[in-house]
Amino acid sequence: MVVKVCVLDRVLSNSMGPKKRGRLCVVFHFLATPNSPTFISGFRGGNRQAIDSSTRVWFNVCHMNPPPVQCSPKPRLLPLALFTLLYVLAAVGGSIVAGNREFAFYIVVMLVLISVVMLVHHRMRLTGGQLWALSVWGLLHMAGGLVSVPAHLPVNGPIRVLYSLWIIPDLLKYDQVVHAFGFGVTTWICWHAIRASLRTVSGAEPRPSLGLMVLSAAAGMGFGALNEVIEFIAVLTIPNTNVGGYENTGGDLVANLAGCVTATVIIVAFGKKRRVA
């Protein structure tokens, strides 16, 4: 959607000389997902020219009544923060009671990641769905290392926690499901960041093309590989970890790939649905 606003004034800009009449028009390009204010372009007297920096206008279409496009509601952070804080405190208490040094290391890593997510949210406004998905991923991770598995259920290795549980014996573990979910969400957020950056540069809403989806999935896989590096550090620094060996690492990477590819398929499917609508 494009809206052109024109005003008649005696002085348009200092660069045009004093008391020179003319028409100043500002063109607003409203994007499909206007999560941040944007200034696009301006015209004087019908000729496209750069507007002086003092006359730039920043505008958020969500503040219009009614808005010209559907606007995402601002995420409510308090319920999300309380939910996350409760399970992190429970995980800290559980790891202390169990004397689980490995999981204490992962709790520290998670606190760092929460800080990073808040910084990212401050810079580019993640959606409520993305923030809740990240929090649920954290909960699944905490539960995976601390919740015990009953004796009658099959596990991989001597440590009977959810991360060792076979959902499908010798084929699919709880750990791999969490990997697929988590790095699928990571791919979604990588696409969100790429789309926001392209929108800022071009002023147009980018579509989930094959190239951009490959880039988003590759970014998600890269963060998955970083997770394996963190697990390797845990193996080198903490005795008797439940990380597993080479086969476990390979399985995790395959699960990461499955989650990233699934996320890109969903993104493309929803993108086509919006264009048809």
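Modeller: Before we start, one term: buried means under 20% relative accessible area, exposed means over 50%, and partly exposed is in between, using a 1.4 Å probe and protein chains only. This is a predicted model, where local features need pLDDT of at least 70, side-chain atom pairs count only at pLDDT 80 or more, and totals for chains, interfaces and linings use all residues. Residues are numbered from 1 along each chain as its sequence is written, and side-chain values use heavy atoms, with hydrogens and water left out.

Biologist: Okay, so which residues in helix 3 are buried?

Modeller: Gln 130, Leu 131, Ala 133, Leu 134, Ser 135, Gly 138, His 141, Met 142, Ala 143, Gly 144 and Gly 145. Helices here are DSSP runs of H or I with at least four residues, strands are E runs of at least two, and both are numbered from the N terminus.

Biologist: And how far apart are the end C-alpha atoms of helix 3?

Modeller: They are 27 Å apart, which agrees with the 27 Å that its 19 residues (128-146) should span at 1.5 Å a residue. The expected span is 1.5 Å times one less than the number of residues.

Biologist: Switching topic, how many aromatic pairs are there?

Modeller: Five. Rings of Phe, Tyr and Trp (its six-membered ring) pair if their centres lie within 6.5 Å; planes under 30 degrees apart are stacked, over 60 edge-to-face, and the rest tilted. Take Phe 83 and Trp 132: their ring centres are 5.4 Å apart and the planes sit at 45°, so that pair is tilted.

Biologist: Where do those two sit?

Modeller: Phe 83 is in helix 1 (residues 77-98) and Trp 132 is in helix 3, so the pair ties together parts 49 residues apart in sequence. Phe 83 is partly exposed at 29% relative accessible area, and Trp 132 is partly exposed at 34%.

Biologist: What about the whole protein, how many helices and strands?

Modeller: Six helices and six strands, and along the sequence the pattern goes β-β-β-β-α-α-α-β-β-α-α-α. Of the 277 residues, 36% are buried.

Biologist: What share of the contacts links residues 24 or more positions apart?

Modeller: Such pairs make up 55% of the contacts with a separation of 6 or more, where contact means heavy atoms within 4.5 Å.

Biologist: Last one: where does Val 177 lie?

Modeller: Val 177 is in helix 4 (residues 174-202), and at 36% relative accessibility it counts as partly exposed.
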